[in-house]
Amino acid sequence: MSFKKIGFIFPGQGSQSIGMGKDFFDNSDISKKMIEKASHRLGFDFEALLFEENDKLGQTQYTQPAILLVSCIALEIFKSKCDISPKFVLGHSLGEFTALSATGALDIFDAVKLVNKRGELMQKACENINNQIRRFLDTYKSVPSWFCDLYTLYWNFHKFTRGK
């Protein structure tokens, strides 16, 4: 079959689940080698992270490298089975790093390490966000609801009349 243009799209954070990539792992040496290499590179066990019940997969610093790794495994298995190359690659947020790896612009295992660090920094930046929101709401809980409605009406009217 001949394709004129084909693109690959890679997922972002939120697509993770325990067991993702298990089929690849059970049926592909490519997957086993990539998981082993990523585990060695980052110093934690991707096999346990991906296939055993745990709380880590919900933590950004683990979620992001896990999704990237499984996406790259899927791509490598796909490439080993057929001769289809994309004309373009896209990624949603985290998926942009996978897209860069797919083009060869970024080594897969460098990308895994990079998004692990990215996830650590994102996690750290968000550690106190819930407390900050709670303090803000506690401070302003005495504001009457009609004031909030009035402000929302004013804001929307202002945006509409200004065309923004």
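## Aromatic cluster

In this predicted model, F44, F46 and Y62 are linked into a cluster by ring pairs. The structure holds four aromatic pairs, one of which joins F44 to F46 in a tilted arrangement, with 4.9 Å from centre to centre and 40° between the planes. Both F44 and F46 are buried. A second pair brings F44 together with Y62, and here the ring centres are 5.0 Å apart and the planes stand at 75°, so the pair is edge-to-face. This pair links distant parts of the chain, since F44 lies in the loop between α2 and α3 whereas Y62 belongs to helix α4, 18 residues apart. The relative accessible area of F44 is 16%, and that of Y62 is 14%, so Y62 is buried, the limit being under 20%.

## Nonpolar core

The largest nonpolar core has 29 residues, and those with the most contacts inside it are I35, F46 and L69. Two or more residues are given to this core by each of α2, α3 (46–51), α4 and α6, with α4 giving the most, nine residues. Leaving aside residues up to four places away in sequence, I35 touches F25, F46, E47, L50, F51, L69 and I73, so that two of its partners, F46 and L69, are themselves named among the residues with the most contacts inside the core.

When residues up to four places away in sequence are not counted, I108 touches M34, L68, C72, E76 and S101. The C-alpha atoms of I108 and L68 are separated by 8.4 Å, although the two residues are 40 places apart along the chain.

N116 also lies in α6, which spans residues 108–126, and N116 is buried as well, with a relative accessible area of 11%. Its side chain reaches the backbone oxygen of Q61 at 2.7 Å. Beyond residues up to four places away in sequence, N116 touches L42, F44, Q61 and P65, and F44 is a member of the aromatic cluster described above.

Helix α5 (residues 95–103) has G95, F97, T98, A99 and S101 as its buried residues. The elements that cover these buried residues include β1 (7–10), α4 (60–81), β2 (88–91) and α6; S101 is also one of the residues touched by I108.

In the loop between β2 and α5, S93 has a positive phi of about 55° although it is not a glycine, and S93 is partly exposed, with a relative accessible area of 36%. After α5 comes G104, whose phi is also positive, near 90°.

## Cysteines

A search of the whole structure finds zero disulfides. C72, which is among the residues touched by I108, is buried with a relative accessible area of 2%, whereas C82 is partly exposed, with a relative accessible area of 27%.

## Confidence

The mean pLDDT of the chain is 85, and 76% of its residues reach 70 or more. Where pLDDT is low, the predicted coordinates should not be read in detail.

Terms used
Residues are numbered from 1 along each chain as its sequence is written. This is a predicted model: local features need pLDDT of at least 70, side-chain atom pairs count only at pLDDT 80 or more; totals for chains, interfaces and linings use all residues. Side-chain values use heavy atoms; hydrogens and water are left out. A disulfide is a pair of cysteine sulfur atoms within 2.5 Å. Buried means under 20% relative accessible area, exposed over 50%, partly exposed in between (1.4 Å probe, protein chains only). Helices (H or I, at least four residues) and strands (E, at least two) are DSSP runs, numbered from the N terminus. A polar contact is a pair of N or O atoms within 3.5 Å; within protein, one must be able to donate a hydrogen and the other to accept it, and residues adjacent in sequence count only if both atoms are side-chain atoms. Contact means heavy atoms within 4.5 Å. pLDDT is the predictor's confidence in each residue, from 0 to 100. A nonpolar core is a set of buried Ala, Val, Leu, Ile, Met, Phe, Trp, Tyr and Cys residues joined through side-chain atoms within 4.5 Å. Rings of Phe, Tyr and Trp (its six-membered ring) pair if their centres lie within 6.5 Å; planes under 30 degrees apart count as stacked, over 60 as edge-to-face and the rest as tilted.
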